[in-house]
Amino acid sequence: MSTRNPRPVVTFPIVLRELTVLRVADVTPGMRRVTLGGEQLRAFHRDGLDLPALRSEGFDDHVKFFFADGDAPPVLPGQNVSSLDWPADARPIAKDYTPVRYDPEAGEIDFDFVRHEGGVASSWAQAVKPGEVTWIAGPKMSHGHPEGVDWLLVIGDETALPAIGRWLAEMPAGTRARVFIEVGEESHRQELPTEADATVTWLTRDGAPAGSTDLLERAVRSMEWLPGEVYVWAAGEAVTLKGIRRHLSAERGVPRERTHITGYWRRTEPDPVAGAGQAEDDAHERLHELTDLAPGFAIRAAVTLGLFDLVRDGVSGPAELARRTGAEPSLLGALLTYLVAIGLLEADGDGHRLTAVSEELVEDDHSSDEYHLGGAQAAMDLSLAGLPHTLRTGGPGFRTAGGDRVATA
Ligand SMILES: Cc1cc2nc3c(=O)[nH]c(=O)nc-3n(C[C@H](O)[C@H](O)[C@H](O)COP(=O)(O)OP(=O)(O)OC[C@H]3O[C@@H](n4cnc5c(N)ncnc54)[C@H](O)[C@@H]3O)c2cc1C
């Protein structure tokens with residue numbers, strides 16, 4: 001059995017876009033569709049950066065919507081070259097939603113919002129009117145249709161319905177699929193056009209609160225398992241998915257790389273105050289802080305180009321810095337903007353000056369050697385990318401230079 005993840009992936013720069021609500025319509029009594037449009041769906045220019053058009057090529061792509069907390073304007077992240085700069089002093093209220101339809105030519109993108117009690121996103125979708133402005137960021141990547149599998153098992157509650165509907169519509173003709181969808185009421189079912197060989201089973205909670213039943217797990221446990229290699233995609237309330245994950249692994253023997261199981265939301269007691277679910281958001285941001293590689297690589301790139309030394313020596317302005325470092329001027333401009341955003345440089349008229357942190361880099365040769373991407377320390381740092389290999393085999397996760405080992409993890 002192959003261990004390769006069967007879904008090809010493509011990544012994009014993360015771009016914050018200001019868009020306008022074009023239309024609002026109820027798909028069912030439980031789901032509101034909001035159609036957005038605007039110039040920033042296309043490639044555009046902001047804050048000295050050329051930002052690309054939105055791309056959404058995977059059925060389970062997601063974007064973040066940014067919302068206001070009460071009457072205050074929404075807290076928005078800053079834009080870096082290809083990522084967002086999350087403010088340290090105020091926390092944006094951001095929620096994930098799936099582009100259910102994207103038409104770049106018409107300049108329109110649709111999102112389907114589940115109607116539920118007590119959420120800033122759901123409440124926004126219920127109240128928003130055409131002409132209002134909103135902000136989204138992403139998608140930052142798209143995963144394709146799984147390749148080389150014999151059949152698909154697709155499981156989800158209504159929050160997964162936008163992704164499942166889009167997938168069924170885009171699935172190659174004849175794909176064998178068994179699909180289980182849980183909704184609140186019969187009237188929340190949707191037409192799901194497809195050319196796939198798909199059997200869709202609707203499960204209805206009939207008054208039970210969302211995220212409180214084991215309907216999906218029981219349906220999967222009692223289904224007739226098809227022969228051949230399966231790929232399982234599941235999304236919905238996080239706790240209800242746990243039993244399904246255990247069942248697939250322990251009783252059906254489905255390897256982890258053949259599953260994509262994602263908690264799309266977590267059931268808590270409804271809180272009418274905007275910002276409920278903040279603990280989860282905090283955890284999300286903390287995870288982002290712990291795993292963000294962008295600042296480390298941006299600083300190392302600047303050290304490697306000799307940028308901080310030139311700024312210390314009074315070389316001023318992106319054009320002259322680009323000439324002296326041999327960098328492409330607009331890209332160097334973007335790097336300078338990012339270094340200002342993370343506190344490594346300060347803007348000074350048309351030029352820049354060092355901060356206490358970057359002074360440390362230029363005053364201490366050890367520091368600058370340590371962060372030069374051509375140096376031995378960088379080779380050792382980069383060998384950490386081989387850590388999974390080390391953990392699996394006990395062997396070094398080294399990177400090679402000229403065929404020689406240069407570091408061990
Ligand atoms: C990758 C991804 C894609 C997603 N795509 C979609 C999508 O296309 N459409 C969609 O509607 N949702 C989608 N979701 C789920 C959505 O992001 C969450 O439901 C989100 O928490 C809603 O935010 P809120 O501000 O309305 O509610 P929150 O402030 O998060 O929660 C407020 C209260 O509502 C409850 N609650 C939250 N969501 C639901 C729900 N769906 N049903 C019942 N109670 C709920 C919470 O338990 C809490 O008590 C997606 C999530 C992820 C991770």
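Entry 1: I began with Glu117, where a backbone N or O atom lies 3.3 Å from an oxygen atom of the ligand. I note that the model is predicted. I then looked up Val120 and found one of its polar backbone atoms 3.0 Å from an oxygen atom of the ligand. For Asp112, I recorded a polar backbone atom at 2.8 Å from a nitrogen atom of the ligand. I next checked the cover: on its own the ligand has 910 Å² of accessible area, and the protein covers 90% of this.

**Entry 2: the shell.** I listed the elements that give two or more residues to the shell around the ligand: strand E9 (93-97), strand E11 (108-114), helix H1 (120-127) and strand E18 (259-265). There are 26 residues around the ligand, and I noted Asp96, Asp112, Val114, His116 and Arg266 as those that come nearest. Sorted by class, the shell holds 11 nonpolar, eight polar and seven charged residues. I also looked up the domains: the ligand lies between domain 1 (10-140) and domain 2 (145-268), because both give residues to the shell.

**Entry 3: Arg205.** I turned to Arg205, which I located in the loop between strand E16 (197-204) and helix H3 (215-222). I recorded its relative accessible area as 9%; Arg205 is therefore buried, as the value is under 20%. Its side chain makes a polar contact of 2.8 Å with the side chain of Glu182. Leaving aside residues up to four places away in sequence, I found that Arg205 touches Glu158, Glu182, Val183, Gly184, Ala210, Thr213 and Leu215.

Terms used:
Residues are numbered from 1 along each chain as its sequence is written. This is a predicted model: local features need pLDDT of at least 70, side-chain atom pairs count only at pLDDT 80 or more; totals for chains, interfaces and linings use all residues. Side-chain values use heavy atoms; hydrogens and water are left out. Helices (H or I, at least four residues) and strands (E, at least two) are DSSP runs, numbered from the N terminus. Buried means under 20% relative accessible area, exposed over 50%, partly exposed in between (1.4 Å probe, protein chains only). A polar contact is a pair of N or O atoms within 3.5 Å; within protein, one must be able to donate a hydrogen and the other to accept it, and residues adjacent in sequence count only if both atoms are side-chain atoms. Contact means heavy atoms within 4.5 Å. A residue is near a molecule or strand if one of its heavy atoms lies within 4 Å of it. Accessible areas come from the Shrake-Rupley method with a 1.4 Å probe; for residues, only the protein chains shown count as cover. Ala, Val, Leu, Ile, Met, Phe, Trp, Tyr, Cys and Pro count as nonpolar, Asp, Glu, Lys and Arg as charged, and the others, Gly among them, as polar. Domain bounds come from an automatic or database domain assignment.
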